[in-house]
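Opening the notebook on this one.

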Amino acid sequence: MEAEGRVPGPPPLPPAGGGIGAELPAIPPGAARAPLLGAPAEVLELDDEEDDLEVFSKDTSLAEANSFSPSMTISPSSMINQYKFEDEPELRDLFITVDDPESHITAIETFITYRVITKTSRGEFDSCEYEVRRRYQDFLWLKSKLEEAHPTLIIPPLPEKFIMKGMVERFSDEFIETRRKALHKFLNRIADHPTLTFNEDFKIFLTAQAWELSSHKKQGPGLLSRMGQTVRAVASSVRGGVKNRPEMFTEMNDYMETFSQKINVLDKIAHRIYKEEREYFNEMKEYGPIHTLWSASEEDIADSLKGVASCIDKCCKATEKRMAGLSENLLPILHEYVLYSEILMGVLKRRDHIQSELNSKIDALANKKADKDLFSEEIGKLEDKVECANNALKADWDRWKQNMQCDMRSAFTNMADDNLHYYEECLATWESFLASQTVDRHGEEDSEDRP
């Protein structure tokens, strides 16, 4: 059974300014960071009973978004340091963390639940702290309810509905940690959104006991109703361009087509680079010990061989650190915005669908004399609906672009700093080796010159 419910009493709130994805301190130890595998991946489709096996694809592990921090370790000689900024901390009143995954095995399925801890000072919550357990299907339900309630807002992405064969094993530590990070980030993106954070379904998701959530989920529209809405939206987009679409949204659509193309290319190349880096790392791990073994049979150059082996070993460790930086900082951000590009194209289509409904009513009114008052009333309501949709999307668009630029800037500057650390460490390692060889060579020459 899932142990969940409210925790009474006012808890001490964490300090403000944690940023998107900032976790609470109560994360249990032992969660191993997921190494990203570079093997070719094969898509394995899952049926409804396997929804809980969905993870991010394309050989990526999702890590929480990194914010600029003055306490982070940076290279003293790095010129990139002067470009690191930190926004003024925001006052936050909702703190969420996802941790403590548990495996559940029943007669018909195996699934994972995650603990969701919420701490808040908001008056609309009955308690200051909640602790519930949620499975992946619950997160899918929340995302669908947010899209239903706010069709022209940009809902954060969840992991995709398939796994990559060759990436991670089902229910391995790597799989579970990747999923946990994705779900943690999803909830904190919503909590930081000025509109979504006050959604009633979001509140129920964070606070309701298992039976309460199950009962609430049954009250929503049925599957056929949701499918009908999707089919109508797709049909509207297939019919061609929307009449009277404001120029702003045409520009948004053009921007997203270019953005989607570029971010997908970056995502693919970054994963290829990571795969090649891992192959290089594996070769280097075998390369160093050969020099050590060889030194046993070459007494005259044994010290040089051992020195080369030591340098290779240090460079291997530096390479491993750089790969960890790629898998934790760059790759997740790139792939998250690949998913964001798909979400935004869907949002623009839903806005166009609302606009198309208004256009069709206006055309019907122009061609029909009867029921003029009824049509006029419907057109008035649709005009209000279009205006609300346009205003919501415009505001969310500006916010999304600002967050995207901040996330990209952070990812690229972190990557640059990691590269500087890597090359500085490798350069210092080989310079030290060369210096030792120069001293040894001078010592040998001096001994030869003595009578």
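My entries follow, one topic at a time.

**Ground rules.** I'm working on a predicted model, where local features need pLDDT of at least 70, side-chain atom pairs count only at pLDDT 80 or more, and totals for chains, interfaces and linings use all residues. Residues are numbered from 1 along each chain as its sequence is written, and side-chain values use heavy atoms, with hydrogens and water left out.

**Strands.** I took helices (H or I, at least four residues) and strands (E, at least two) as DSSP runs, numbered from the N terminus. Strands pair if DSSP finds at least two bridges between them. I found β4 (residues 110-120) running antiparallel to β5, with seven bridges. One bridge I looked up links T118 to Y130 in β5. For burial I used under 20% relative accessible area as buried, over 50% as exposed and in between as partly exposed (1.4 Å probe, protein chains only). Six of the seven residues of β5 (residues 129-135) are buried, so the rest of the structure largely encloses this strand.

**Cysteines.** I searched the whole structure for disulfides (cysteine sulfur atoms within 2.5 Å) and got zero. C128 is partly exposed at 29% relative accessibility, and C406 is partly exposed at 28%.

**H193.** I placed H193 in the loop between α2 (173-191) and α3 (200-207). H193 is buried, at 3% relative accessible area. Which residues does H193 touch, leaving out those up to four places away in sequence? I get L153, D396 and R399, with contact meaning heavy atoms within 4.5 Å. The side chains of H193 and D396 make a polar contact of 2.7 Å. My cut-off there is a pair of N or O atoms within 3.5 Å; within protein, one must be able to donate a hydrogen and the other to accept it, and residues adjacent in sequence count only if both atoms are side-chain atoms. The H193 side chain also reaches the backbone nitrogen of T195, at 3.0 Å.
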